[in-house]
Amino acid sequence: MGKGWKGAKEFVGIEDVTKFDFLVMMFAEALGTMLLVLIGCASCITWTADNPPTVVHIAFTFGLAVASLAHVLGPVSGCHVNPAVTVGLLISGNCSFLKAICYIICQCCGAIAGSAVLKVLIPTTAARNGLGATALSLSVTESQGLFMEGIITFLLILVVHAVTDPKRTDTRGWAPMAIGLAITVAHMAAVPVTGSSMNPARTLGPAVILSEWKNLWIYWVGPIMGACAAGGLYRVAFRRKEDDEASYDF
């Protein structure tokens with residue numbers, strides 16, 4: 001009975017969200033997601049029809065942005081900056097329920113703020129071409145887009161768990177680069193298909209500012225499905241240690 005109560009208490013995580021430091025962690029998640037969306041989506045802007053952004057350009061911008069943010073915010077909040085990452089860590093037992101809810105709210109608010117700032121910073125003519133909003137390619141079906149988003153997010157969440165596993169010493173110090181590279185290769189593969197969101201907040205931000213909601217559900221359901229599958233798989237088959245919470249604190 002006592003062990004079950006302790007497990008339920010840890011899952012809910014009331015103690016996690018009642019500490020003063022948690023306010024700093026929530027601010028870090030909001031700030032990190034805002035910067036990610038602002039910088040990442042800025043790389044997707046088409047300034048002239050003759051010089052559109054390339055897939056490689058977009059891929060490295062998002063990958064390097066996350067790697068940079070992980071160095072700064074990793075020891076503060078874990079630098080999830082992605083609801084799918086938070087859900088994946090919740091499923092694997094590395095994040096409490098209340099902490100996950102608070103993080104996701106902050107990430108969504110940060111993403112909307114990042115898109116709003118981007119809209120203010122760029123000329124109106126450029127903003128008309130979009131704010132880096134994700135969309136399915138013309139020949140891609142909803143089911144194809146759903147599974148593509150799920151697969152690339154599955155890869156990301158597996159990498160996050162592997163490089164933040166406290167029992168592994170071979171990846172210590174490499175977490176930001178490994179995660180950034182995972183995001184980069186996923187973008188190279190999926191940008192032509194879905195725009196490569198793998199982050200529901202990253203898609204939500206531009207959608208809210210542009211008031212364009214078409215296929216938004218795909219960019220929530222796909223990544224969350226992939227995150228749950230990866231988190232569950234790592235918990236059941238790959239996790240090496242039960243006690244410590246995964247983070248970028250290396």
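In the predicted model described here, helices α4 and α9 are roughly antiparallel to each other, a term that applies to angles over 145 degrees, whereas angles under 35 degrees count as roughly parallel, 65 to 115 as roughly perpendicular and the rest as oblique. The axes of α4 (residues 55–77) and α9 (residues 175–194) come within 8 Å and cross at roughly 155°, where axes are lines fitted to C-alpha atoms, for helices over the stretch in contact, and angles run from 0 to 180 degrees between N-to-C directions. Helices are DSSP runs of H or I with at least four residues, numbered from the N terminus. The crossing of α4 past α9 is right-handed, that is, the near helix is turned clockwise from the far one by less than a right angle.

On the α4 side, the contact (heavy atoms within 4.5 Å) involves V55, V56, I58, A59, F60, F62, G63, V66, A67, A70 and H71, which meet P176, I179, G180, I183, T184, H187, M188, V191 and P192 of α9. The residues of this contact comprise 15 nonpolar and 5 polar residues, with no charged ones. In this classification Ala, Val, Leu, Ile, Met, Phe, Trp, Tyr, Cys and Pro are nonpolar, Asp, Glu, Lys and Arg are charged, and the others, Gly among them, are polar.

Residues are numbered from 1 along each chain as its sequence is written. Because the model is predicted, local features need pLDDT of at least 70 and side-chain atom pairs count only at pLDDT 80 or more, while totals for chains, interfaces and linings use all residues, and side-chain values use heavy atoms, with hydrogens and water left out.

Helix α5 (residues 83–91) is mostly covered, with 8 of its 9 residues buried, buried meaning under 20% relative accessible area, exposed over 50% and partly exposed in between (1.4 Å probe, protein chains only). The buried residues are P83, A84, V85, T86, V87, G88, L89 and L90. At the N-terminal end, α5 is capped by N82, a side-chain oxygen of which lies 2.8 Å from the backbone nitrogen of A84. G93, which follows α5, has a positive phi near 85°.

Two threonines in other helices were also examined. T33, in helix α3 (residues 21–42), counts as buried because its relative accessibility is 0%, and a polar atom of the T33 side chain lies 2.7 Å from the backbone oxygen of E29. Beyond its neighbours within four places in sequence, T33 is in contact with V81, Q107, G110, A111 and A201. T153, in helix α8 (residues 142–163), likewise counts as buried at 0% relative accessibility, and, residues up to four places away in sequence not being counted, T153 touches A84, M198, P223 and A227.

Note on methods
Polar contact = N/O pair within 3.5 Å; in protein donor to acceptor, adjacent residues only side chain to side chain.
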